[in-house]
Amino acid sequence: MTWSMNLSRLRGNARLYAKLQLIQLRTVVEYRADFWIGILGASLMHGAGLVFIVALFGQIDELGGWSAWEVAVLYGLTLIPAGLRELFADGPWLLRSLVNSGEFDRLLVRPVSPAMQVATRLASIHGVGQLSLGLTLLILGTTRSGMDWTLWKAIFLLVSVLSSLGLLIAIGFLVNMIGFWEPSAQSAIPTAYAMLIDFAKFPLDIYSNVIKVLVTVVAPYAFISYFPALVLLDKETPWRWLGFASPLVTLLAVLLTSWLWRKALNRYQGVGH
Amino acid sequence: MDTNAAPIIEAKGLTKHFRRPVKEPGLKGAVRHLFRPAYADVVAVEGVNLSILPGESVAYVGPNGAGKSTTVKLLTGILVPTSGRVTVNGLTPFENRVENARRIGVVFGQRTQLWWDIPVGESFRLLGDIYELPDETYRASFGELIDVLDLEPLLRVPARQLSLGQRMRCDLAASLLHRPPILYLDEPTIGLDVSVKARFREFIRYMHRERGLTVMLTSHDLGDIEELCDRMVMIDNGRIVYDGALSEVTTRFGWERAVHLTLTEPDESALEAASRALGNRPGAVATQPEPTMVAVTFDSRETTAGELIRDLATALAVTDIRIEEPTAESIIRRLYEGDLVFEQAE
């Protein structure tokens with residue numbers, strides 16, 4: 001296949017992705033009560049988190065050497081990709097039910113990659129809340145903590161947000177693929193794993209070694225907030241260089257996920273005979 | 001039909017085994033499974049050979065759990081076979097899922113492929129995008145399907161508000177929009193009323209005859225099979241037990257006949273009397289489904305209805321006699337029930 005063919009293929013896929021996703025978003029808006037309840041629930045959830053932070057910094061000035069505004073940057077860096085993922089690729093969270101109900105059959109007889117069909121299967125409007133809260137915190141945090149903006153920092157920020165988004169999508173697939181191996185409708189593992197992202201909202205310095213390893217290696221959420229923040233805020237630590245490794249971590253996660261995804265597709269048993 | 005044409009669907013030694021977790025009942029069993037999982041190997045399809053020519057219409061039948069759906073899932077590329085080979089349109093479906101999907105249409109009777117919350121018309125347009133149909137092709141294909149299936153009034157209705165019959169019509173259109181040469185229908189008429197069923201069959205017949213669509217149908221509705229298919233493949237316990245013309249089934253088991261006798265009054269001893277009267281007739285078996293009814297099945301190669309009636313009429317007080325000719329439907333039903341058995345297919 002030539003480059004131009006690949007490129008037009010990519011463009012076609014991007015357009016289709018947007019169309020499929022738009023339908024999900026419209027569906028959300030169609031169920032009006034559900035929509036507002038969802039917005040309310042999401043606001044309460046993130047509001048509670050904020051109240052906690054504000055109360056915390058009412059008592060202390062620094063947390064592991066990080067000021068309140070610097071922690072706001074971590075918060076922002078965590079919420080932005082999480083919001084984008086929720087908005088544009090929440091589908092993997094339906095994967096287990098698709099597999100268990102046999103609905104997954106249908107995706108396999110359409111001429112679009114099943115991964116894309118799964119990703120666009122759900123769009124959560126709650127993502128808007130996370131995203132705007134995240135942006136607000138990031139902007140406030142970076143200005144109030146006296147960070148100097150340069151062009152290259154802006155580019156770095158953009159790249160690391162995109163790579164964080166990639167990582168979160170890969171993780172969404174990874175944890176929910178358990179349905180192909182263990183066909184039980186409920187499992188706490190995916191949720192528990194995803195919840196570890198809360199650790200990324202605070203500086204790694206305050207955690208025990210176990211948790212440090214957990215959020216760096218096992219569930220590498222530190223690569224979406226803590227390590228990039230070390231670069232953005234010019235923190236002098238020996239680990240600063242890991243901020244540049246985020247795209248690499250994402251790449252590894254994506255490779256692992258797509259390898260397992262292919263195995264999962266070949267393993268898919270459907271339901272009934 | 002060109003009998004020299006290469007098969008459009010071909011399976012050789014197609015086999016699928018499932019791994020099913022074995023759990024003891026209750027929470028204790030579930031916990032034990034968690035730590036020491038045990039699995040059983042379940043054979044769903046075993047060594048299926050199938051060759052379908054372009055333009056054929058094939059009914060794939062068999063009792064529940066025989067392996068029908070599994071075969072269809074193997075042919076459509078949904079499942080990966082344990083062993084054996086499948087070729088559809090010259091492709092191996094599970095290796096070329098995307099390419100394969102462009103050239104087949106699939107209707108699952110119990111599932112819709114329409115988007116639940118958006119108007120049907122928009123689902124069609126989205127499918128046009130998914131199949132990357134050029135505008136012209138889309139318009140022509142869409143126009144024809146709307147016309148033949150009378151979908152115009154439904155285009156603005158979200159799928160969730162459609163009746164089952166309306167939904168089935170829309171689903172048919174959705175699976176043929178990209179003009180595939182093959183259509184798989186998996187239990188398409190489940191739950192449909194008689195008139196909707198008739199329209200559905202008429203449409204499939206039209207696409208089959210006029211458009212040369214290759215149709216593979218699994219159904220428990222024997223009407224679907226008789227009206228739509230010339231060829232029948234029967235599977236039982238994962239193996240093909242019959243593959244041939246539908247009409248041949250009647251010839252093959254045509255000797256199986258029955259005489260139904262209505263008695264003047266309920267009679268407990270009628271069955272015994274009938275059996276005694278039949279005593280030396282080979283292959284004749286009497287049953288008494290109701291107190292006032294006696295049915296005798298017999299082998300027309302061994303004995304005649306006339307002889308049987310003569311024997312029975314003297315032994316029982318009979319008001320009415322009906323002789324049952326075998327139909328494909330009755331034979332298939334009895335094959336399902338295990339009353340009749342095919343010798344292993346040659």
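Colleague: Let's start inside. Which residues have the most contacts inside the largest nonpolar core?

Modeller: Happy to begin there, with the reminder that this is a predicted model. The largest nonpolar core holds 123 residues, and Leu74(A), Met232(B) and Val233(B) have the most contacts inside it. Helix α3 (residues 68-88) of chain A gives the largest share of this core, 12 residues.

Colleague: What does Val233(B) touch, once its neighbours within four places in sequence are left aside?

Modeller: Val233(B) is in contact with Leu50(B), Val58(B), Tyr60(B), Ile240(B), Tyr242(B) and Asp243(B).

Colleague: How should I read burial for one residue, say Val215(A): is it buried or exposed?

Modeller: Count the C-beta atoms around it; a residue with 20 or more others within 10 Å is buried. Val215(A) has 23 such neighbours inside 10 Å, so it counts as buried. It is found in helix α11 (residues 209-218) of chain A. Not counting residues up to four places away in sequence, Val215(A) touches Leu196(A), Phe199(A), Ala200(A), Pro220(A), Tyr221(A) and Ala222(A). Take Ala200(A) from that list: Val215(A) and Ala200(A) are 15 residues apart in sequence, and their C-alpha atoms are 7.6 Å apart in space.

Colleague: Now chain B as a whole. How many helices and strands does chain B have?

Modeller: Chain B has 12 helices and 13 strands. Its C-alpha atoms fill a box of roughly 75 × 55 × 50 Å along the principal axes. Of its 346 residues, 32% are buried. Chain B is divided into domain 1 (9-250) and domain 2 (255-325), and 44 Å separate the centres of these two domains, taken over C-alpha atoms.

Colleague: What is the order of strands in the open sheet of 4 strands?

Modeller: The general idea comes before the case: strands of a sheet pair through backbone hydrogen bonds, either parallel or antiparallel. Here the order is β11-β12-β10-β13 in chain B, and the pairing is antiparallel. β11 (285-290) and β13 (318-324) of chain B stand at the edges; each has a single partner strand, so one side of each is left without a neighbour in the sheet. From one strand to the next, the twist averages 20°.

Colleague: Over how many bridges do β10 and β13 of chain B pair?

Modeller: Strand β10 (residues 256-263) of chain B pairs with β13(B) over 6 bridges, in the antiparallel sense. To find the pairing by eye, look for Val259(B), whose bridge partner in β13(B) is Ile323(B).

Colleague: Which strands does helix α10 of chain B lie across?

Modeller: Helix α10 (residues 270-278) of chain B lies across β10, β11 and β12 (293-299) of chain B, and runs at about 165° to β11(B). There is also helix α11 (residues 305-315) of chain B, which lies across β10, β12 and β13 of chain B at about 25° to β10(B).

Colleague: And strand β1 of chain B: how many bridges join it to strand β2 of chain B?

Modeller: 10 bridges join β1(B) to strand β2 (residues 39-52) of chain B, and the two run antiparallel. In that pairing, Ala11(B) stands opposite Leu50(B) in β2(B). Strand β1 (residues 9-21) of chain B also pairs with strand β4 (residues 83-88) of chain B, antiparallel, over 5 bridges. There, Thr15(B) stands opposite Ser83(B) in β4(B).

Colleague: What is the phi of Glu187(B)?

Modeller: Most residues other than glycine have a negative phi. Glu187(B), although not a glycine, has a positive phi of about 50°. Its place is the loop between β6 (182-186) and α7 (194-211) of chain B, and with 19 C-beta neighbours inside 10 Å Glu187(B) counts as partly exposed. Asn237(B) also has a positive phi of about 50° without being a glycine. Asn237(B) lies in the loop between β8 (231-236) and β9 (239-245) of chain B and is partly exposed, with 14 other C-beta atoms within 10 Å.

Colleague: Last one: how many residues does each chain bring to the contact?

Modeller: Chain A brings 22 residues and chain B brings 29 residues. On the side of chain A that touches chain B, the elements giving two or more residues are α1 (3-30) and α5 (104-108) of chain A. The largest share, 7 residues, comes from α1(A). By type, that side of chain A divides into 7 nonpolar, 8 polar and 7 charged residues.

Technical notes:
Residues numbered from 1 in each chain as written. Chains lettered and ligands numbered in written order. Predicted model: local features only at pLDDT ≥ 70, side-chain atom pairs only at ≥ 80, totals over all residues. Contact = placed C-beta atoms within 7 Å. Nonpolar A, V, L, I, M, F, W, Y, C, P; charged D, E, K, R; others polar. Buried ≥ 20, exposed ≤ 12 C-beta atoms within 10 Å, placed from the backbone. Pairing = 2+ DSSP bridges. Axes fitted to C-alpha atoms, helices over the stretch in contact; angles between N-to-C directions. Domains from an automatic or database assignment. Core = buried A, V, L, I, M, F, W, Y, C linked by C-beta atoms within 7 Å.
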